[in-house]
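Dear colleague,

I am passing on the structure we spoke about, and I would be glad if you could look it over alongside the notes below.

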Amino acid sequence: IMLTDREVADPEVELAIHVSVDEEKRILTISDTGVGMTRDEIVQDLGTIAHSGAAAFVRQLEEQARPDVELIGQFGVGFYSVFMVADRVRVVSRSYRPGAEAVEWVSEGSAEYRVAPAEKETRGTRVEVHLKEDTADFAQAWRLEQVIKKHSNYVAFPIYIEGRDEPVNRRTPLWRKSPQEVTDEQYVEFYRQMTLDFEEPLLHTHLVTDAPVAVRSILYVPARRDRGLLDLRGEHGLRLYIRNVLIQEHNRDLLPTYFRFVEGVIESEDLPLNISRETVQSSSAGRRIQRALTRKLLRELETTAADAPETYARFWREFGPFLKEGVVTDPATRNDLLPLLRFHSSRSGEQLISLAQYVERLGEGQDAIYYVLGEDLKSVARSPHLDYFFAHDVEVLYLVDPIDTFVMTSLHEYEGKPLRNVDDAGLELPEQEAVAADDAPAVPEADFNRLVGRFVQVLGDRVVEVRESKVLRDSPARLVSPDDTPGRDMSRVARLLGQEFEVPKRILEINRRHPIVANLAHLVTAAPQAPAIDPTIELLYENQLLLEGLHPNPTEMIPRIQQLMAAATAGGDQAVVSRTATAAREEKQPESLEDESLEGEEAN
């Protein structure tokens, strides 16, 4: 008004807000030097709710423990909510119009109020709040300073507390400045003040836009997901300001859930002061703001991944599972998230690769993206499913997060390349004639069939089938999933989450050329009662469960291991085992093997 109309009362008075307290009388006084109000304006602005039933309004506040969003939105963030802490309010105001007389409005929160002439020398409004006994702490200067800095730190006008020469509030919010005006040091200082985190944020992004929606925002990615004792925020969410006033300290609706690790502030005058979760979810402005913030964050992450891969690798180690969650839960942004995914692989070593990098180095004739699921990088690197892929230098992605199962269920292909689990029984691979590393001969057909029968006898209905593997090279066995197994990887997720689960029935494939299998086959033929046979079969099966992350209780393996140790150190049984191994290596006939075994028994 003063910019366009100099005919105002007291033009030389500073535009400011002053707060004073009388702790003994429990009176909090808030004064401003603004435009003030006339008698008619006081009746219209402050009396409307009283006429419509202020007492009922206050009772509704107490019953619902929340303000009525329609009424409060009309009166400056709920003038009548003052009666939640006060039993009497007196408002004295004088309009900026020259010659205007001062007027007072008094209410005890009932359906009635009083309006009368008053004394006030300068323009503006003074609100005297008579606090209830149980809210007397608001009549303490330190408490007021705390409230002002939390909720009104960026009000455009200075706020003074009685007895202090300097304003309590900072007045100029960093997010309203142009990004070119803010230094890196200022961004870091603001982050630390806001979060009390001693570490610098991993990255930040500053958004100032007026179309398609007015948004001023600074968002941060912390250096760590778990800040331990330093993480004092309790809840996640952005600090939401409207017209420089903090409206919500933890707004969780202006970013998708998978970005809940993001810290920051947002201000938008397109949102109403009576903001609520329902308002954000139902309003077009709220949805536009969420899209704008999400796009800004995604672009910042893409830029970081391209220009600062080491920084992005740090980000991925801390927050990668959150982006994977987004792939599963948010189809609208799934395609935008895919370029940000990173994986370890059979070729990458300690480095992380993207799906795009995997596709770029596909081998000749390879038309699929292969992956293996497991508990950790060490176990998946030893997975028997990788024998073929190591032998033929085919890259495989290592997936070790519990959520990876859901990610692969959501993603069926990438850039036209299907994603295939290497434990799929129906996996069609070229050049499947893989032999053992030392070119060991296969076990004779009769001995192998006899061994398969013993496996079936020992394992029973724990397996769907026992059969020869066409792809194993260095491993003795592997478990593969039947094509029609529903939710076949959910058991692994349940175990990783500490939930009860049933071990899934799978196909056990055994490597006919592996020394363990060859020795076991000849032992079954030569000495079917040998005590080492059944524990060895059990352990071969349990080893695969362990590698697959499916063993319900690995300690159950200990008795069988000890049983094998006892057999290995026993004289008679050891003679059978060692001579059987020798016979296998020398490719002797079963008859001569039997003779040697009998001779060994007679010698003992």
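A residue is called buried when its relative accessible area is under 20%, exposed when over 50%, and partly exposed in between. Aspartate 137, with a relative accessible area of 29%, is therefore partly exposed, and its side chain meets that of arginine 143 in a salt bridge of 3.0 Å, N to O.

Please keep in mind that this is a predicted model. The average pLDDT of the chain is 82, and 80% of the residues score at least 70. Over residues 50-58, however, the pLDDT is below 50, although this stretch has 20 contacts in the model beyond near neighbours in sequence. Residues 572-604 also have a pLDDT below 50, with 26 contacts counted in that way.

Turning to charge pairing, the search of the whole structure finds 33 salt bridges. One of them joins the side chains of arginine 260 and glutamate 325 at 2.9 Å, N to O. Because arginine 260 lies in the loop between strands S11 and S12 while glutamate 325 belongs to helix H7, this pair ties together parts that are 65 residues apart in sequence. Arginine 260 is partly exposed, at 26%, whereas glutamate 325, at 17% relative accessibility, counts as buried.

A further salt bridge, at 2.7 Å, N to O, is made by the side chains of arginine 512 and glutamate 445. Arginine 512 sits in the loop between strand S20 and helix H15, and glutamate 445 in helix H13, so here the parts tied together are 67 residues apart in sequence. In this pair arginine 512 counts as buried, at 12% relative accessibility, and glutamate 445 as partly exposed, at 46%. Elsewhere, salt bridges with shared partners join Arg90, Glu104, Arg126 and Glu128 into one network.

Leaving aside residues up to four places away in sequence, arginine 342 touches several others, including Tyr312, Trp316 and Ala305.

Ala305 is also among the buried residues of helix H6, together with Leu301 and Thr304.

Technical notes
Residues are numbered from 1 along each chain as its sequence is written. Side-chain values use heavy atoms; hydrogens and water are left out. Contact means heavy atoms within 4.5 Å. Buried means under 20% relative accessible area, exposed over 50%, partly exposed in between (1.4 Å probe, protein chains only). Helices (H or I, at least four residues) and strands (E, at least two) are DSSP runs, numbered from the N terminus. pLDDT is the predictor's confidence in each residue, from 0 to 100. A salt bridge is a side-chain nitrogen of Lys or Arg within 4 Å of a carboxyl oxygen of Asp or Glu.
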